[in-house]
Amino acid sequence: MKVRMAVLTFWLALLISTPAVAAGMQEQDPPRSLGLALGSGGAGGLAHIAMLQVFDDLEMRPDHIAGTSIGALIGALYASGLSAEEIRDIFDDFTGSNLDLLSGLMRLSADFTVRDLFRLDFGEGGFIDSGGLLEFLASKVEARTFDDLVTPLDLVATDYWTGDTVVLNEGDLFEAIEASMAVPGLFSPVRHGDQLLIDGGTSNPLPFDLLEGLYDLVVAIDVSGARRPDETGKARLTDLLFNTFEIMQQSLITSRMRISEPDIYIKPDTSDFRLLHFHRLEDILKQAEPAAEELRLALEQPDSATVNAN
């Protein structure tokens, strides 16, 4: 009897020690790799911060980020190692104005005036030179090149001459951000070798395709916005110009999603905010809360299928 028990104990120990059986008994899946796409959308793109807060809360740092325009800007700050809360603090500097981004920037510091941050630049194909704003943001992070980043990053711009999407992932980080967010008619285009680069939203406003097939889970945050008619049913000139750009981006996203979809697609409601409403940070984040909760639930699913939340 003692011999039989000894033999049984030996074989049981041998079985448990084998990798396959041990893995099965532990029932622990390896961590999923995760790619995050942050889309274009003007000030409404501050809703990205609410989504990044979800990742921080769940301690799920993306393995790779792809961003366009405001998504490029916030994605770069996050990829540099800043937390969502730290990014929120940076944009809190714009809070307090009931006018627009330009007046809000007056409150930043004695070192940065409105003239420094946004210089008029009619001669370079734009109304505003965003270089001063980027200098201010650069003062908040140590990263200067893509090699300095904590997380791999792809930023999307568009070649004005050919219309082709240009993916920027090496060299000067803030030059790439400037190119990705060069909204036609508002910010000056950026010269990059033989190319003249404009806002990536003109060719790929939600660049989840750059991450497809590379990661277990691809999450796309669409902040391209929506429009609501006012009492008059009319559109002001500035709204008409910028919202037409918004409509174009939404059409591009719709067309791309007919071909393939990300695993998780989230579209926060940003319909109450205009292109330069950066001073309305708290309102934007508040309105993004339902979408942030949808993202949280989707990420907590053990086997995420495609989730469309909007």
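Contact here means heavy atoms within 4.5 Å. By that criterion, residues 24 or more positions apart account for 71% of the chain's contacts with a separation of 6 or more.

This is a predicted model, in which local features need pLDDT of at least 70 and side-chain atom pairs count only at pLDDT 80 or more, while totals for chains, interfaces and linings use all residues. Residues are numbered from 1 along each chain as its sequence is written, and side-chain values use heavy atoms, with hydrogens and water left out.

## Overall make-up

The chain has 12 helices and 11 strands. These are DSSP runs numbered from the N terminus: helices are H or I with at least four residues, strands are E with at least two. Of the 310 residues in the chain, 47% are buried. Buried means under 20% relative accessible area, exposed means over 50%, and partly exposed lies in between (1.4 Å probe, protein chains only).

## Nonpolar cores

A nonpolar core is a set of buried Ala, Val, Leu, Ile, Met, Phe, Trp, Tyr and Cys residues joined through side-chain atoms within 4.5 Å. The largest one holds 69 residues. Phe91, Leu173, Val219 and Leu295 touch the most other members. Helix α4 (residues 70-79) supplies the largest share of this core, eight residues. Another core, of 10 residues, lies apart from it and includes Ala37, Val218, Ile253 and Tyr265.

Leaving aside neighbours within four places in sequence, valine 219 is in contact with Leu34, Gly35, Leu36, Ala37, Phe55, Ile264, Leu295 and Leu299.

Two packed helices are described by the angle between their axes and the distance between the axes. Axes are lines fitted to C-alpha atoms, for helices over the stretch in contact, and angles run from 0 to 180 degrees between N-to-C directions. A crossing is left-handed if the near helix is turned anticlockwise from the far one by less than a right angle, and right-handed if clockwise.

| Helix pair | Angle | Axis distance |
|---|---|---|
| α3 (residues 47-58) and α4 | about 30° | 11 Å |
| α4 and α5 (residues 84-92) | roughly 130° | within 9 Å |
| α4 and α9 (residues 173-180) | about 155° | 8 Å |

Angles under 35 degrees count as roughly parallel, over 145 as roughly antiparallel, 65 to 115 as roughly perpendicular and the rest as oblique.

Take α3 and α4, with an angle of about 30°. The pair is therefore roughly parallel. Their crossing is right-handed. From α3, the contact uses His48, Ile49, Leu52, Phe55 and Asp56; from α4, Gly71, Ile74 and Tyr78. By class, this contact has five nonpolar, two polar and one charged residues.

α4 and α5 are oblique to each other. Here too the crossing is right-handed. Leu73, Ile74, Leu77 and Tyr78 of α4 meet Ala84, Ile87 and Phe91 of α5. The contact has seven nonpolar, no polar and no charged residues.

α4 and α9 pack at about 155°. That makes them roughly antiparallel. This crossing is left-handed. Ala72, Leu73 and Ala76 of α4 make the contact with Leu173, Ile177 and Ser180 of α9. By class, there are five nonpolar, one polar and no charged residues.

## Individual residues

Most residues other than glycine have a negative phi. Glutamate 59 has a positive phi of about 55° although it is not a glycine. Glutamate 59 sits in the loop between α3 and β2 (64-68). With 73% relative accessibility, glutamate 59 counts as exposed. Serine 69 also has a positive phi, of about 60°. The loop between β2 and α4 holds serine 69. At 5% relative accessibility, serine 69 counts as buried.

Glycine 225 lies in the loop between β9 (217-221) and α10 (237-259). Its relative accessibility is 5%, so glycine 225 counts as buried. Beyond neighbours within four places in sequence, glycine 225 is in contact with Glu246, Gln250, Lys267 and Thr270. Its C-alpha atom is separated by 9.1 Å from that of arginine 274, 49 residues apart along the chain.

Glutamate 86 belongs to helix α5. A relative accessible area of 40% makes glutamate 86 partly exposed. Glutamate 86 and lysine 140 are 54 residues apart in sequence and 9.5 Å apart in space, C-alpha to C-alpha.

Technical notes
Ala, Val, Leu, Ile, Met, Phe, Trp, Tyr, Cys and Pro count as nonpolar, Asp, Glu, Lys and Arg as charged, and the others, Gly among them, as polar.
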